[in-house]
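Subject: Structure for your review

Dear colleague,

Please find the structure below, followed by an account of what was found in it. I would be grateful if you would read the two side by side.

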Amino acid sequence: MFQSAPVNGSFEELAMPLFGRLYNLAYWLARDRASAEDLVQETYMKALRGFASFQPGTNFRAWIYRILRNTFLTSQAGLNVSLSFDDADETPPEPAELHTPESILLVRAEQDLVRRALEMLPVPAREIILLCDFEEMSYSEISQALGIPMGTVMSRLSRARKAMRNLLAAQLEGTKP
Amino acid sequence: MTCPTNQLDAFVDGELSPAALAAVEAHLQTCPACSAHALAQMQLKNSVRAAADAYQPSPEFRARIAAQVATKQRRPLHFWLSPALALVAAVVLVAISVPLIARHYAHERALSELLDLHVSTLASANPVDVVSTDRHTVKPWFQGKLPFTFNLPDLTYSPYTLLGGKLIFFNHAPEAQLLFSFRQHRISVFVLKSATSSRDGVQTEDGFTTESWTAGGLHCIVVSDASAADVHALADLMRSAQAK
């Protein structure tokens with residue numbers, strides 16, 4: 001109950017270095033500049049107000065990301081987002097064939113295709129791929145940030161990647177001469 | 001070993017225990033399908049890493065938030081108490097009345113959050129969802145968006161102007177925020193249906209005045225940096241509109 005003040009840095013020191021990355025994530029969630037700015041602004045104000053309740057020494061990035069996400073989900077844009085992403089379905093993905101969309105992609109270095117595929121993914125899938133592959137969060141950090149069990153992190157990630165591969169495959173199919 | 005397809009993600013993400021890692025690596029030596037899959041996963045991960053870094057905040061936006069963080073940052077609460085004193089204090093606090101304290105903090109949190117909403121509205125590029133031409137454009141706009149309705153005062157002969165309204169989410173319920181102007185000040189009026197722990201009354205914090213009241217099952221909270229008297233005058237106009 002009587003918790004001492006955070007000792008590993010002020011809010012400013014902890015939060016401002018994450019600004020650019022949180023904005024990037026906010027944009028990927030909200031999909032336009034004004035909404036992303038509103039989302040980041042509200043996240044920083046909420047996090048600042050709640051900073052006294054942040055446990056020093058625990059993961060600040062996962063903590064503030066969770067605030068960003070909850071803020072997004074209660075925003076107008078977030079209300080339209082379906083939160084389910086087949087978490088119940090635990091079947092592992094099939095092994096890929098040798099000529100995978102990814103291997104063709106590597107040669108062609110088509111960042112636009114990857115971006116477009118990310119945009120087309122349902123939000124929960126886009127979010128978990130970004131946290132894992134772009135933010136390079138560990139499964140345990142992702143579990144804290146999203147408030148879901150580790151097992152769900154793994155199955156959701158696996159399904160998200162499968163969906164991503166399917167989208168890439170469909171796009172590559174569409175670009176064939 | 002059967003193909004550890006469900007472990008290939010964890011392998012690529014560096015999340016396997018040393019024992020599991022050794023087993024998967026040994027398997028990959030002998031299984032072209034799993035090797036191809038793991039390679040593909042790695043390529044996908046690299047592609048995402050490169051492609052996802054797509055959006056940069058404008059320098060103005062960064063500066064604005066940095067300034068807000070710097071000015072709003074307050075010292076966290078310090079309790080300069082020895083552990084023994086803390087225990088005594090805790091026992092006394094519990095004995096006095098936990099529910100009372102809990103209500104107090106819930107109230108403070110609710111007000112804090114509304115104050116945040118007011119501040120972010122002012123800083124927002126699009127502060128309102130519906131721009132007011134008069135009170136008859138704002139009220140109907142909320143129809144179908146809110147599970148309740150409310151009246152707006154006639155401001156013709158008052159110094160207040162209704163700028164517009166905004167749908168907000170408070171305690172996970174849709175609620176109304178109205179934005180007024182008064183000279184150079186902006187005033188938010190929150191009309192809430194959800195059971196807030198907000199107590200009625202006037203409070204000031206960080207130079208902001210809030211005035212709250214409950215009428216007809218709705219909680220209204222006026223928030224502004226205008227003077228307490230000016231906040232009160234608008235609160236009175238809102239109160240009489242609700243009483244109609």
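What pattern does chain A follow when read along the sequence? The pattern is α-α-α-α-α-α-α-α-α-α, and the secondary structure of chain A comes to 10 helices and zero strands. Helices (H or I, at least four residues) and strands (E, at least two) are DSSP runs, numbered from the N terminus.

Two remarks on the basis of the account come first. This is a predicted model, in which local features need pLDDT of at least 70 and side-chain atom pairs count only at pLDDT 80 or more, while totals for chains, interfaces and linings use all residues. Residues are numbered from 1 along each chain as its sequence is written, chains are lettered from A and ligands numbered from 1 in the order in which they are written, and side-chain values use heavy atoms, with hydrogens and water left out.

The two chains

Chain A has 177 residues, of which 53% are buried. Buried means under 20% relative accessible area, exposed means over 50%, and partly exposed lies in between (1.4 Å probe, protein chains only). Chain A exposes about 7,900 Å², with 54% of that area supplied by carbon and sulfur atoms. Accessible areas come from the Shrake-Rupley method with a 1.4 Å probe; for residues, only the protein chains shown count as cover. Among the contacts in chain A with a separation of 6 or more, 72% are accounted for by residues 24 or more positions apart; contact means heavy atoms within 4.5 Å.

Chain B has seven helices and seven strands. From the N terminus on, its elements run α-α-α-α-α-β-α-β-β-β-β-β-β-α. Of the 244 residues in chain B, 44% are buried. The chain exposes about 12,500 Å², and carbon and sulfur atoms supply 60% of this. For contacts in chain B between residues at least 6 apart in sequence, 56% join residues at least 24 apart.

The nonpolar cores

A nonpolar core is a set of buried Ala, Val, Leu, Ile, Met, Phe, Trp, Tyr and Cys residues joined through side-chain atoms within 4.5 Å. The largest has 76 residues, and those touching the most other members are A:Phe11, A:Tyr44, A:Phe60, A:Tyr65, A:Leu118 and A:Met164. Apart from this core lies another, of 27 residues, among them B:Val191, B:Trp213, B:Cys220 and B:Ala226. In soluble globular proteins, nonpolar side chains tend to be buried together.

Not counting residues up to four places away in sequence, A:Met164 touches A:Val114, A:Ala117, A:Leu118, A:Leu121, A:Ile129, B:Leu44 and B:Val48.

The second largest pocket

On a 1 Å grid over the protein atoms alone, a pocket is an open set of points where a 1.4 Å probe fits, with protein on both sides within 12 Å along at least five of seven lines; lining residues have an atom within 4 Å of a point. The second largest pocket holds about 530 Å³ of space; grid points are joined across faces, edges and corners, and a volume is the space filled by probe spheres set on the points. Its lining has 23 residues, and the closest to its centre are A:Asp38, A:Glu42, A:Ser75, A:Gln76 and B:Lys166. Two or more lining residues each come from helix H3 (33–50), helix H4 (60–73) and helix H5 (76–79) of chain A, together with helix H5 (83–123) and strand E2 (160–170) of chain B. H3(A) gives the largest share, five residues.

Individual residues

A:Glu37 is found in helix H3 of chain A and is buried, with a relative accessible area of 6%. Not counting residues up to four places away in sequence, A:Glu37 touches A:Tyr23, B:Ser58, B:Phe61 and B:Arg64.

A:Met150 belongs to helix H10 (residues 150–175) of chain A and counts as partly exposed, at 38% relative accessibility. Its C-alpha atom is separated by 6.5 Å from that of A:Tyr139, 11 residues apart along the chain.

A:Arg31 lies in the loop between helix H2 (19–30) and H3 of chain A, and is partly exposed at 28%. B:Arg183 is in the loop between strand E3 (173–182) and strand E4 (185–192) of chain B, and counts as exposed at 65% relative accessibility.

Yours sincerely
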